[in-house]
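Trainee: Please take me through a close look at one part of this model. Keep it brisk, and set it in its surroundings.

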Amino acid sequence: MRHASPQAMAAVLAAAAAVPLAIPAVRGALEADMASHMLLEFPLVVGIGAVAAGFAPRARAAFARIDRMGITGWLFASLVLAYWMIPSALDAALASPAMNAAKFGTLSLAGFALRASASRSPPALEAFFVGNFAWMSATVGLLYQEAETQLCLNYLADGQQRAGRGLVVLSIACVVAWLVARRRRLELGRGRGADRPDAAPAKRINML
Amino acid sequence: MTPADSPGRGFGATLVAVAAILAAGFAAASQLTLGFRAWTTEDARRIAVVERPVDLSALPVVTPEGSERDLWSSGPATKAWLVTFIYTRCPTICLALGSEFQQLQVALDAAPGVRMASISFDRAHDTPVALGDYARRFGADPRRWVVAAPASDEALRRLLAGSGVVVIPDGIGGYVHNAAIHVVVPPGKLVRVFGMEQAHEALAFAAGLAQ
């Protein structure tokens, strides 16, 4: 119960996000527009997965055995996010309940994996994956805006433009958020020398 | 400390997991994009139809002249259909298409056995009268160019689902859909999908089938 209040807060927030997502009408409204589908629903589901990871220490411990330095979790999350940026994947999620279930499943697992892996990943590895994601989402965002036709059967061109601009903003926001979240460790790494990044005390505590 | 935390141990399991995730990711993306050939559903549909023609079920329709029990086999001389989807209220873009189809209709004289069908997905509005107005506006000759609407909502749903056409409201009272020229051979096999700009390729392909 050491962190009862932030944990409880996160749980309440996650539940507040998860409950509406379970209501078909709310989900339908979010998924009716390409931009809100990708830039509201996706982050919500990833966030729910990340919060859930806080309540599943056993699952995190089991995952740790196949996730040295967090590489498995970061890789999984990167591939999941890349997959759901493919236009036909968005159409498939709308056309088939099974694909939509797969979307919710993989995105929440990506949130779980990111939360779990971030407690053990060295900054260099994180920089690689965060940078890669930023590069990818910015490129996809520009492609969405450049496309002369509708890329998704289910989405109008104006939603596609907004989704494209949103992805470019997201790519910048992710890098900034990562720098802010890791500013201590990045400074520590510099202060202690690059040869002992693993010795950061915060990391040891997180791993237990 | 778990075994994974001690230096030099646990990387084997991680490497296996990484390899499995890469393989699964590759397989999933390859399956979705038909081997990295199509990134949109429309591109995938056009490729898939070439490789696996789609059996559309019988299509009961209403036309300005009356009704047909099945469009695809209406007229024994018809060997191939060039099918497009329309709604008669459609403004500018469809007007341009309609006049392009007028020219195509003339070209059909050189391709016996090929007919055009413009099928409305707007059953609520496109009554036989509305379909007739549309046909007259573009001078559609029913022996060459059939303007029709599915006779039931179920027939429309099956047709759209079978051919992979998705119709969505455009937000200003009309519709947007993945417009294309569909080549259908009796008794209802969708064999090829061409872009709207490929009308003459579509005609040449259909004429080849009709010979």
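Mentor: Two residues count as in contact when their C-beta atoms, placed from the backbone, lie within 7 Å. Take Ser36(A) as a worked case. Its neighbours within four places in sequence are left aside; beyond them, Ser36(A) touches Leu30(A) and Glu41(A). Ser36(A) sits in helix H3 of chain A, residues 34-53. It counts as partly exposed because it has 17 C-beta neighbours inside 10 Å. From Ser36(A) to Arg162(A) is 126 residues in sequence, yet 9.1 Å in space, C-alpha to C-alpha.

Keep in mind that this is a predicted model.

Now to chain B, and to the part I want you to study, strand E6(B). First, its setting. Chain B contains six helices and ten strands. Eight strands build an open sheet of chain B, with mixed pairing, in the order E1-E10-E9-E4-E5-E6-E2-E3. E1(B), residues 54-55, and E3(B), residues 66-68, are the edge strands; each has a single partner strand, so one side of each lacks a neighbour in the sheet.

E6(B) covers residues 145-150. In the strand order, E6(B) stands between E5 and E2. How is E6(B) joined to E5(B), parallel or antiparallel? The two pair in the parallel sense, over four bridges, with E5(B) spanning residues 114-120. One residue pair to look up is Met116(B), whose bridge partner in E6(B) is Trp145(B).

E2(B) and E6(B) run antiparallel and are joined by two bridges. Here Val62(B) faces Ala149(B) of E6(B). Val62(B) also stands opposite Ser67(B) in E3(B). E2(B), residues 61-63, is tied to E3(B) by three bridges, again antiparallel.

How many residues of E6(B) are buried? Six of its six are, so-called mostly covered. In a regular strand, side chains alternate between the two faces of the sheet. In E6(B), Trp145(B), Val147(B) and Ala149(B) lie on one side, with Val146(B), Ala148(B) and Pro150(B) on the other. All of these are buried, and both faces of the strand are covered.

Step back to the chain as a whole. Buried residues are 33% of the 211 in chain B. Of its contacts with a separation of 6 or more, 69% link residues 24 or more positions apart. The radius of gyration is 23 Å, whereas a compact globule of 211 residues would have one near 17 Å. Along the principal axes, the C-alpha atoms of chain B fill a box of roughly 80 × 40 × 30 Å.

Last, the partner chain. The contact between the chains takes 27 residues from chain B and 23 from chain A. On the side of chain B that touches chain A, the elements giving two or more residues are H1(B), residues 11-32, and H2(B), residues 41-51. H1(B) gives the most, with ten residues. By class, that side of chain B has 15 nonpolar, nine polar and three charged residues.

Notes:
Residues numbered from 1 in each chain as written. Chains lettered and ligands numbered in written order. Predicted model: local features only at pLDDT ≥ 70, side-chain atom pairs only at ≥ 80, totals over all residues. Pairing = 2+ DSSP bridges. Axes fitted to C-alpha atoms, helices over the stretch in contact; angles between N-to-C directions. Buried ≥ 20, exposed ≤ 12 C-beta atoms within 10 Å, placed from the backbone. Nonpolar A, V, L, I, M, F, W, Y, C, P; charged D, E, K, R; others polar. Rg over C-alpha atoms; globule rule 2.2 N^0.38 Å.
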